[in-house]
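Subject: Structure for you to look at

Hello,

Here is the structure I promised to pass on. Please open it next to this message and follow along.

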Amino acid sequence: MATSYPDYQQLVMRAYERKKANNTLPHGLMYLTPAKLKEECVKKCTTDVNRRDEKIIRDFCGDLNKGRSCHAIMQRCDTDKFRPLVNYLKEKTENTDEKNIELLAWLIDFAGRPWEIGKTVTGDDEESGAPALNEVNPVTDSPAILPATRSDESTGNPVIPEIPGMLTLMGSSKGKESGAVKTAETVNQKKLSGRSAKTLAAAVMLSLALGTGGMWWWKDKTGPGGNCMYWHEDHYEPVACNQKIPNARVIALDTMKLKNFRKITRPDTITYLAIGKVWYSKIDNKFECYTYGGEHPVVFDHQLKPITKYIIDKYILTGMITK
């Protein structure tokens, strides 16, 4: 399903908060001032900038002169243009312009940038990491098979590991011994290939079995009318698209919302740690908090807002919200 802009903005902010918590933000984002933010952008322009990033930079600075390089455009960019983004990241404002979010996505190397109509962005690339050594394969429950080569740190070229007994074979005269070396290499390669093929075949068979079972379970859960969902008290429930639910709107299934969208029934427990993870609405003096952003699940066409320190101080820590 295509990602809406509010969801895209939330994914960018989550990536920003994650890098902030891990102390991996660029210098200009760690010490937020308009001048330092501009300096960081100028510095980043010296690295590779692709065509889409060029558009982000030109849109932000308002300079569409294709004769100028991105570095020159950023140097000429008015420092005050960076102030709205600084204020937003310091939570002095509750929202900011789309061009500021795209500039932030560029600065933190957000993989799904820029937002486009019909484009699906999950943010998974920002959270996934490389598997650790000896990590257990989640499909086969056996240690993951790692490549049999390593890289030379000085040159980056692959280095073939030594095969047991190779030094003895290579130490003798060339002739029959060289043929023995090749034979040993061939036997070892065949053993590794056979083991990898068996492991791959087992993984494929298990994946097919799990996938088929999951498909039938899901069809039984949602019914023959298709995959949809509706809001039930404090969460979304899957339902057949042709099923009528009293006093509820049946909408297309969104697996992210089905899994993560919850109403917080005890908003008085919210602390500053919720910033970047909680969204709220205030309609007719009724304050509600949710674990996912986007459209309000009941009041349609009303967008939820990310919670801020100001909102927490004003409504939660003062005891104005008790349940």
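Three strands form an open sheet in the order β4-β3-β5, with antiparallel pairing. Strands here are DSSP runs of E with at least two residues, helices are runs of H or I with at least four, and both are numbered from the N terminus. Two strands count as paired if DSSP finds at least two bridges between them. β4 and β5 (251–252) stand at the edges with a single partner strand each, so one side of each has no neighbour in the sheet. In general, strands of a sheet pair through backbone hydrogen bonds, either parallel or antiparallel.

Before going on, note that this is a predicted model, in which local features need pLDDT of at least 70 and side-chain atom pairs count only at pLDDT 80 or more, while totals for chains, interfaces and linings use all residues. Residues are numbered from 1 along each chain as its sequence is written, and side-chain values use heavy atoms, with hydrogens and water left out.

Strand β3 (residues 227–232) is joined to β4 by six bridges, and the two run antiparallel. Met229 stands opposite Pro238 in β4, and Tyr230 has Glu237 as its bridge partner. β3 and β4 form a hairpin with two residues between them. In that turn, Glu233 has a positive phi of about 65°. Of the six residues of β4 (residues 235–240), five are buried (under 20% relative accessible area, with a 1.4 Å probe and protein chains only; exposed is over 50%, and partly exposed is in between).

Now to the helices. The axes of α4 (residues 51–61) and α7 (residues 98–107) come within 9 Å and cross at roughly 135°. The axes are lines fitted to C-alpha atoms over the stretch in contact, and angles run from 0 to 180 degrees between N-to-C directions. The angle makes α4 oblique to α7 (under 35 degrees is roughly parallel, over 145 roughly antiparallel, 65 to 115 roughly perpendicular, and the rest oblique). The contact (heavy atoms within 4.5 Å) involves Asp53, Ile56, Ile57, Asp59 and Phe60 of α4 and Lys99, Asn100, Glu102, Leu103 and Trp106 of α7.

Regards
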